[in-house]
2 protein chains.
Amino acid sequence: MATSITVHDVAKAAGVSASTVSRALSGNTAVAAETRDRVVEAARQLGYRPNLAARGLITGTTHNIGLVVPDLENPYFASITKSVQSRALAAGYSVFIADSDEDIRTELELVHQLSKQVDGLILCSPRMAASDIAAVAGQTMMVLINREWEGLTSVVVDDAEIIRLALEHLHALGHRHIAYVGGPEKSWSNQKRWAAIERIAPTFDDLEVGKVGSYAPNFDGGQSAADVVVASGATAALAYNDLVGLGILARLTTRGIRVPEDLSVMGIDDVNVATLVSPGLTTVRSPLKKVGRSAVNSLVDLMNPTDRHSAPEDLPVQLVVRQSTSVPQQHS
Amino acid sequence: MATSITVHDVAKAAGVSASTVSRALSGNTAVAAETRDRVVEAARQLGYRPNLAARGLITGTTHNIGLVVPDLENPYFASITKSVQSRALAAGYSVFIADSDEDIRTELELVHQLSKQVDGLILCSPRMAASDIAAVAGQTMMVLINREWEGLTSVVVDDAEIIRLALEHLHALGHRHIAYVGGPEKSWSNQKRWAAIERIAPTFDDLEVGKVGSYAPNFDGGQSAADVVVASGATAALAYNDLVGLGILARLTTRGIRVPEDLSVMGIDDVNVATLVSPGLTTVRSPLKKVGRSAVNSLVDLMNPTDRHSAPEDLPVQLVVRQSTSVPQQHS
DNA sequence: TTGTAAGCGTTATCAC
DNA sequence: GTGATAACGCTTACAA
């Protein structure tokens, strides 16, 4: 907190006025080459760093963005956060992070706290009510991840394609009775995925997909669900996400139920940890790094309407077959 | 970006002056109760939110802090980040997040970028040179996690105790030849852990601990190390952290080497994913949530020298025995 | 108790 | 090309 050096200090050192310093360093207006060098040198010597808050006050732009996620300890959001931060850095933005801990009230509070000190906000898998999203969107530039709302820019992976790939894989192996283990009710992705199942399942011959409750989107949730899945008589479980899938895997192992011999298990997303376990978890990979990058790009486009917009990336999903799925085996 | 409402708007609506609005809302100076209510009500109706940047300009305090970590996708740092953000929110601070991706140059750049717009900085497991840390510490309030430097506040877990618990456990099981799988050379924790091993190992009867290279502190690093560990002839591996431990586990499984029958494996930290695998990874738990919280507390104390300081928490570590360690078995 | 005025560090406007 | 000057939104002496 050592009193920092200002434009005036640099101005004095370089023998020019404050405005010239500003111009020389931000390079917007023409400055005599010789003067500029002198200013730059003085600034370097003094270790001058512009006060961004003060600059933002007048330019109306902070060069900060905010990212709100439900749970940083969920590797899915950790990956997205990492790529958001990385892309933001490259684009010259700093990132406020906010973890709502899956709580709607906290989420809303964080959004408000942040909205005044950023140029734009990225809401990742927001659980809040649509009306609240709309209200905030009126105040701040905003990009949504894993949720859509009229008029707002969204980055979403193709849930229908994910479901199609998963069902196709399991059906091809011979499974005819599958249990979908649902995530949070408020999760938009969860709703989309189940809707996709209801639409797509009938397109496969003789395929029945049942829904098993709603569980927390993490390892514990999967553990809770496992026994219900077994009782349902399904030969394969398709989990809301990888963490739930891993939870199911763990509980089945504990019970001595073999995967994939007795029951096949699939996750969704292919988060980093999906490869850590054995048997490895078959899953459908989402391009998380691309999702984060794309969200930042869209937000930057939104915030700088003059610039040439970057072309929207497409976000291909991809089946990743590991050892947790196989042909169902009739026993006894 | 809709032009936001200012103190003046509220002032006009409430029929008072801007300064009265400021006083009424921040509550520092006395304001007539009746006036205050009128102002508060007007502010609420207009949805007024103070511009923190402008406030910071005059008060010299931004109520923002910055957190720099080596890798958000590493669950160890994800946990710390989550608890930092959570505690910061409670203390009235917003958090800038910066992921250096284990790169020293990026780390330094991020620190500089952030240092001007925060009241304080938390550097988590910084890899940068001590001289650079010192330089930044001269400019900004700072708390270190997992690193110590003269005069700076640090939050560190007791590496010596971690090592003692781990060696005690393995030695008690009967292991006499252990391989320590090292993390990044620049990692201060890694250095401390190895130093602790050299100091503590001799206190156990007939115990030999060898060091196996330096590996990336993640799953891939562990996979790379596994074969070298096997070749070393050790009956147990103590990994730099859980991720490395999991990597070793996975590679051993692939090679058909049984854990713990053929080789015992231990991790350090007990990150969330350590329980996902089977066999579960024996490890020494660090109180990550407490670490993050404690760092924020210390930083807040530093930034508000007037306030009563919170008592420093102690950070107990704890052995967590799972299935990846057992008595070594002589085969053939 | 309240209003007026000054100023935080910057950049934008307008003269020169 | 460069220097005064005003202004961004806010807080805080200082007056009233």
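Me: What makes helix H10 of chain A a helix that lies across strands S6, S7 and S8?

Reply: In this predicted model, helix H10 (residues 219–232) of chain A lies across strand S6 (177–181), S7 and S8 of chain A, where contact means heavy atoms within 4.5 Å. Helices are DSSP runs of H or I with at least four residues, strands are runs of E with at least two, and both are numbered from the N terminus. H10 runs at about 160° to S6(A); axes are lines fitted to C-alpha atoms, for helices over the stretch in contact, and angles run from 0 to 180 degrees between N-to-C directions.

Me: Why are strands S7 and S9 of chain A said to stand at the edges?

Reply: The open sheet of 4 strands has the order S7-S6-S8-S9 (chain A), with parallel pairing. Strand S7 (208–212) and strand S9 (264–266) of chain A each have a single partner strand, so one side of each is left without a neighbour in the sheet. Neighbouring strands of this sheet are turned by 25° against each other on average, direction ignored.

Me: What joins S2(A) to strand S2 of chain B?

Reply: Here 3 bridges join S2(A) to strand S2 (residues 94–99) of chain B, and the strands run antiparallel. A:Val95 stands opposite B:Ile97 in S2(B).

Me: What is the area buried between chain A and chain B?

Reply: About 4600 Å² is buried, of which carbon and sulfur atoms give 58%; buried area is the accessible area (1.4 Å probe) that two parts lose on being put together, summed over both. A:Glu73, A:Lys82 and A:Lys116 supply 15% of the area that chain A buries against chain B, more than any other three residues. The contact takes 53 residues from chain A and 53 residues from chain B.

Me: Why is the pair B:Lys289 and A:Glu73 called a salt bridge?

Reply: The term requires a side-chain nitrogen of Lys or Arg within 4 Å of a carboxyl oxygen of Asp or Glu. The closest N and O atoms of B:Lys289 and A:Glu73 are 3.7 Å apart, so the pair qualifies. The count between chain A and chain B is 8 salt bridges.

Me: Which conventions apply?

Reply: Residues are numbered from 1 along each chain as its sequence is written, and chains are lettered from A and ligands numbered from 1 in the order in which they are written. Local features need pLDDT of at least 70, side-chain atom pairs count only at pLDDT 80 or more, totals for chains, interfaces and linings use all residues, and side-chain values use heavy atoms, with hydrogens and water left out.

How values were computed
Pairing = 2+ DSSP bridges.
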